[in-house]
Amino acid sequence: MAVCDVLVIGAGPGGGSAALHAARAGLSVMIVEADPAVGVPVHCGECLSQLAIDNLDLEIPDEVVALECKGIRVIFPDGTSKLLTEKGYVLEKHLFEQWLTDEAVNTGASLHLSHKVNSMERIYNSNNEFSNWKIEGKGNEFPIECKAVIDASGVAGAASKLLDMGTEVEVIAGFQYEMTDVPNDGYLDFYLWPKYSPHGYVWMIPKKGDRANVGLVTTDKKGAIKYLDRFVEDTYLKGKIIQNPSWRENGTKPRPFGGTIPISGPRKITTGDGLILVGDAAGFTSPLFEGGSHLALWSGREAAKTISEAILEGDLSNRRMQKYVIAWKKKFPPYSKILKGKTSLYDLSDDELSNMARCLPEELGSMSAIDKLWIGLKILFRHPLLYTKGVISVLLSFGYSRAKHFGW
Ligand SMILES: Cc1cc2nc3c(=O)[nH]c(=O)nc-3n(C[C@H](O)[C@H](O)[C@H](O)COP(=O)(O)OP(=O)(O)OC[C@H]3O[C@@H](n4cnc5c(N)ncnc54)[C@H](O)[C@@H]3O)c2cc1C
């Protein structure tokens with residue numbers, strides 16, 4: 001039986017970060033990844049803020065960067081646009097994830113591709129205290145015995161399902177095309193335009209060589225591609241070439257790529273005896289704009305820290321794991337406020353959205369308390385009805401979706 005201190009399930013940003021930091025702490029680490037390659041298929045718009053890079057002390061190599069960007073432009077139904085200038089990167093996300101996993105492997109972790117966990121059993125000692133795990137799955141290395149598990153299995157939520165932890169997350173579907181000949185000025189474009197993405201938004205995320213990820217999230221999963229096609233057809237993107245991204249096999253017909261994203265905030269239970277959930281598996285995504293890589297990278301590092309200390313102390317009980325819960329609750333944005341603002345946002349009509357937008361300054365990134373008060377007064381006098389529709393909570397949720405609150 002393979003034996004290690006920490007088993008990391010999944011080699012996405014959460015798993016890569018957890019494995020790297022657990023290996024750095026001197027633990028023996030195995031990463032099991034269900035797919036035959038790290039990072040593919042890509043299921044991400046691929047943007048990551050400079051703040052995330054700084055927060056995590058990452059020194060990312062040039063080859064994983066698809067574009068350095070200036071920030072986000074939010075575009076409303078009447079064409080009004082506002083800038084949120086905060087530096088960041090568009091990544092070649094599969095190369096980024098491969099680089100991160102390589103870093104973990106170079107630090108001592110072992111990586112096992114095409115290894116899917118399908119059963120998790122806790123072993124207890126004669127005092128009925130948690131002792132270790134026996135993990136089964138598809139792949140040569142199983143069964144695996146380990147002291148702790150970090151579940152970084154993404155939206156699949158392996159541990160929550162296999163252990164029947166009883167906490168569910170709501171998800172939204174996201175799809176995108178890679179398009180070419182798309183001009184850019186260094187900003188990512190986010191369109192809040194309900195007609196093209198009910199309960200979601202459309203994005204144009206530019207990459208080197210006039211490429212761009214053009215996609216959307218919407219609660220209407222079945223209609224998502226239809227909405228995306230309509231957006232392309234009705235805008236300046238009409239007639240531009242849709243191609244397959246470089247990680248897809250040559251010769252296949254160009255088609256969209258994407259996946260699902262948790263949007264209801266963190267799961268109620270993110271730890272257990274010898275167990276920590278990180279990233280999407282824990283429900284850690286920004287509920288409004290659905291970024292999750294920053295949160296996954298941070299929570300992976302924090303999980304590794306908690307577990308390495310707990311192993312040293314010889315106490316892997318759920319009680320000891322609460323240090324992790326305290327840490328993420330202190331650090332992450334107030335999810336309930338974002339969710340409230342999001343509900344109000346999706347209640348606004350096209351006209352109401354545009355009216356709200358016209359009361360905002362050109363640059364959303366550097367508003368002082370006086371600017372915010374001034375905006376509040378403008379909305380009160382010009383469009384008092386917007387108050388009753390919760391426009392203040394909408395603006396607050398925009399604020400909490402910035403990079404410094406782990407928004408991207
Ligand atoms: C369309 C779309 C666009 C997005 N755009 C952005 C964006 O621009 N910026 C951003 O920050 N976030 C974005 N996100 C969200 C982001 O992709 C995720 O939040 C992030 O990838 C979460 O990382 P993770 O490591 O938790 O999970 P994942 O990246 O999902 O990795 C989980 C890994 O676990 C593996 N796995 C699953 N089950 C098992 C099992 N039983 N055994 C072994 N392995 C298993 C999977 O194969 C996968 O490789 C987007 C998501 C989507 C769908």
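1. A quick definition to start: a residue is buried if 20 or more other C-beta atoms lie within 10 Å of its own, with those C-beta atoms placed from the backbone. By that count S10 (171-179) is mostly covered, with eight of its nine residues buried. Bear in mind throughout that this is a predicted model.

2. Staying with S10, let's look at its partners. S10 runs antiparallel to S15, and six bridges join the two. In that pairing, phenylalanine 175 sits opposite glycine 258 of S15. S10 also pairs with strand S13 (residues 211-218), again in the antiparallel sense, over seven bridges. Here glycine 174 has valine 217 of S13 as its bridge partner. Then there is strand S14 (residues 242-243), which pairs antiparallel with S10 over two bridges, and glutamate 178 stands opposite glutamine 243 there.

3. Now the domains. The domain assignment gives domain 1 (2-44 + 94-169 + 266-332), domain 2 (69-88 + 171-262) and domain 3 (336-405). Taken over C-alpha atoms, the centres of domain 1 and domain 2 are 31 Å apart. Each of these two domains puts 13 residues into the contact. On the domain 1 side that touches domain 2, you'll find six nonpolar, five polar and two charged residues.

4. Where does the ligand sit relative to those domains? The shell around the ligand draws at least three residues from each of domain 1 and domain 2. There are 41 residues around the ligand, and the ones that come nearest are Gly10, Gly12, Gly154, Gly279 and Gly292. Elements giving two or more residues to the shell include helix H1 (13-24), strand S7 (116-124), helix H6 (279-282) and helix H7 (293-313). By class, the shell has 16 nonpolar, 19 polar and six charged residues.5. On to the packing. The largest nonpolar core has 116 residues, and Val6, Leu7, Val29, Ile150 and Leu216 touch the most other members. Among the elements, H7 gives the most to this core, with nine residues.

5. Two hairpins are worth a look. S7 pairs antiparallel with strand S8 (residues 130-138) over eight bridges, and tyrosine 124 has phenylalanine 130 of S8 as its bridge partner. This hairpin has five residues between the strands, and asparagine 128 takes a positive phi near 65°. S8 also runs antiparallel to strand S9 (residues 144-151), joined by three bridges, with lysine 134 opposite glutamate 145 in S9. The hairpin of S8 and S9 likewise has five residues between its strands, and glycine 139 takes a positive phi near 140°.

6. Last, lysine 372, which is found in helix H11 (residues 369-382). Is this lysine buried, exposed or partly exposed? Lysine 372 counts as partly exposed because it has 15 C-beta neighbours inside 10 Å. The C-alpha atom of lysine 372 is separated by 33 Å from that of tyrosine 236, and the two residues are 136 apart along the chain.

Methods:
Residues are numbered from 1 along each chain as its sequence is written. This is a predicted model: local features need pLDDT of at least 70, side-chain atom pairs count only at pLDDT 80 or more; totals for chains, interfaces and linings use all residues. A residue is near a molecule or strand if its C-beta atom, placed from the backbone, lies within 6 Å of it. Helices (H or I, at least four residues) and strands (E, at least two) are DSSP runs, numbered from the N terminus. Ala, Val, Leu, Ile, Met, Phe, Trp, Tyr, Cys and Pro count as nonpolar, Asp, Glu, Lys and Arg as charged, and the others, Gly among them, as polar. Domain bounds come from an automatic or database domain assignment. A nonpolar core is a set of buried Ala, Val, Leu, Ile, Met, Phe, Trp, Tyr and Cys residues joined through C-beta atoms within 7 Å. A residue is buried if 20 or more other C-beta atoms lie within 10 Å of its own, exposed if 12 or fewer, and partly exposed in between; C-beta atoms are placed from the backbone. Two strands pair if DSSP finds at least two bridges between them. Two residues are in contact if their C-beta atoms, placed from the backbone, lie within 7 Å.
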